[in-house]
Amino acid sequence: MSDNYPQVKMETSEGTLTIELWPDVAPGHTENFLKLARQGFYDGLTFHRILPEFVIQGGCPRGDGTGNPGWTIKAEFNDRKHEKGVLSMARSAMPDSAGSQFFICLGRERCQHLDGQYTGFRKVLQGLDVVDKIAATPLTDMRAGSPVKAPTINKVTILGE
């Protein structure tokens, strides 16, 4: 990718991630995420859904997958591949229903069907070991991906601001 992409630091209960955003393929999603980060929206939220070998999901203010920031954004499907470390916006069956929830892919094999169906808008540059640690969280319900104790997003900081 490019050194010109904005980057954020996401401090979690399991360690720190450095993430680049892709405004060239998802400008609305990038702007939305940066706006929420500046407001401290993500600080204190959890990774409420963990599906081993598939995704970890966070960014829900209710902590159960039903919350949003009070608005939704238009889908920006693009040609970025859903591979390990790629972050994409979670949504309902409606393509333009994303708001604040995102997921991080745990591998290409189980995520390739998401290409062109979900908006990939950023990627983990550093901290894939942290992603793996979150993915290994014990679950109370494997099918729903409900963690026994949900890992926390402690703080999201925009680097360079």
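A search of the whole structure finds six aromatic pairs; rings of Phe, Tyr and Trp (its six-membered ring) pair if their centres lie within 6.5 Å, and planes under 30 degrees apart count as stacked, over 60 as edge-to-face and the rest as tilted. The rings of Phe103 and Tyr118 have planes at 75° and centres 5.8 Å apart, so this pair is edge-to-face. Phe103 belongs to strand β6 and Tyr118 to the loop between α2 (108–111) and β7, so the pair links distant parts of the chain, 15 residues apart. Phe103 is buried at 6% relative accessibility, while Tyr118, with a relative accessible area of 22%, is partly exposed. Buried means under 20% relative accessible area, exposed over 50%, and partly exposed in between (1.4 Å probe, protein chains only).

The model is predicted: local features need pLDDT of at least 70, side-chain atom pairs count only at pLDDT 80 or more, and totals for chains, interfaces and linings use all residues. Residues are numbered from 1 along each chain as its sequence is written, and side-chain values use heavy atoms, with hydrogens and water left out.

Strand β6 covers residues 102–105. Helices (H or I, at least four residues) and strands (E, at least two) are DSSP runs, numbered from the N terminus. In a regular strand the side chains alternate between the two faces of the sheet. In β6, Phe102 and Ile104 point one way and Phe103 and Cys105 the other, and all are buried.

Two strands pair if DSSP finds at least two bridges between them. Strand β4 (residues 55–58) pairs with β6 in the antiparallel sense over four bridges, and Gly58 stands opposite Phe102. Strand β5 (residues 86–89) is joined to β6 by three bridges, also antiparallel, with Ser88 as the bridge partner of Phe103.

These strands are part of an open sheet of eight strands with antiparallel pairing, in the order β3-β4-β6-β5-β7-β2-β1-β10. At the edges stand β3 (49–51) and β10 (153–158), each with a single partner strand, so one side of each has no neighbour in the sheet. Neighbouring strands of this sheet are turned by 25° against each other on average, direction ignored. Between β3 and β4 there are three antiparallel bridges, and Ile50 is opposite Ile56 in β4.

Helix α1 (residues 27–38) packs on the sheet, touching β1 (7–12), β2 (15–21), β5, β7 (120–126) and β10, and its direction makes about 115° with that of β10. Helix α3 (residues 128–135) lies across β1, β2, β3, β4, β6 and β7, at about 115° to β2. Axes are lines fitted to C-alpha atoms, for helices over the stretch in contact, and angles run from 0 to 180 degrees between N-to-C directions. Contact means heavy atoms within 4.5 Å.

The largest nonpolar core has 36 residues, of which Met10, Phe33, Tyr42, Ile56, Phe102 and Ile104 touch the most other members. Such a core is a set of buried Ala, Val, Leu, Ile, Met, Phe, Trp, Tyr and Cys residues joined through side-chain atoms within 4.5 Å. Elements giving two or more residues to this core are β1, β2, α1, β5, β6, β7, α3 and β10. Apart from this core lies another, of eight residues, including Phe54, Val55, Cys105 and Cys111.

Phe33, Tyr42 and Phe102 also belong to one aromatic cluster, together with Phe41, Phe47 and Phe121.
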